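Please open the model in your viewer and keep the selection tool at hand. The tour goes from one selection to the next, with a note on what is there.

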Amino acid sequence: MTDTTVPDFFDRFAMRRVHSGELDAVLADGSAALDVLFLWGRDCPNCDIAKRAMLARPERLNWPQVRWLHCNVYDDEAMATRFGLHGIPTFFVFAHGKRLGRITSWPGTEVFRTAIDGILARDAA
């Protein structure tokens, strides 16, 4: 069984898999100006919609200063509990370990890009 009905997603859209026990250390390592954590689940139709949309225009969601992380919360319930999830997909945005925001559900590529661009612009100012 694969983790998704979009089996090549993580081969085509580079994201680092993280588990709840290592998340704080990964976020604190300082290797990215911004981290986006994609929380998803196996056999989640809304997650697969997001994955397909991301693959359709990956260049719109690729910033040199952003590191993408992901976790299948069905396999890591501690991650889901930590963030009080009520639905997936959910995206959390962090700067140097500090949580800046949350995007719940998939708003579409352009809305997502605008949100991240806004955070990057504020961080640069």
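**The nonpolar core**

Begin by selecting Leu37, Leu39, Trp68, Met79, Phe83, Phe112 and Ile116, which touch the most other members among the 42 residues of the largest nonpolar core; such a core is a set of buried Ala, Val, Leu, Ile, Met, Phe, Trp, Tyr and Cys residues joined through side-chain atoms within 4.5 Å, where buried means under 20% relative accessible area with a 1.4 Å probe, protein chains only. Next, colour strand S2 (34-40), since S2 gives the largest share of this core, six residues; strands are DSSP runs of E with at least two residues, numbered from the N terminus.

This is a predicted model, in which local features need pLDDT of at least 70 and side-chain atom pairs count only at pLDDT 80 or more, while totals for chains, interfaces and linings use all residues. Residues are numbered from 1 along each chain as its sequence is written, and side-chain values use heavy atoms, leaving out hydrogens and water.

**His70 and Trp40**

Now select His70, which lies in strand S3 and counts as buried because its relative accessibility is 3%. Show the side chain of Trp40 as well, and you will find a polar contact of 3.1 Å between His70 and Trp40, that is, a pair of N or O atoms within 3.5 Å, of which, within protein, one must be able to donate a hydrogen and the other to accept it, and residues adjacent in sequence count only if both atoms are side-chain atoms.

Technical notes: Buried < 20%, exposed > 50% of the residue type's maximum accessible area, 1.4 Å probe, protein only. Helix = DSSP H or I, 4+ residues; strand = E, 2+ residues; numbered from the N terminus.
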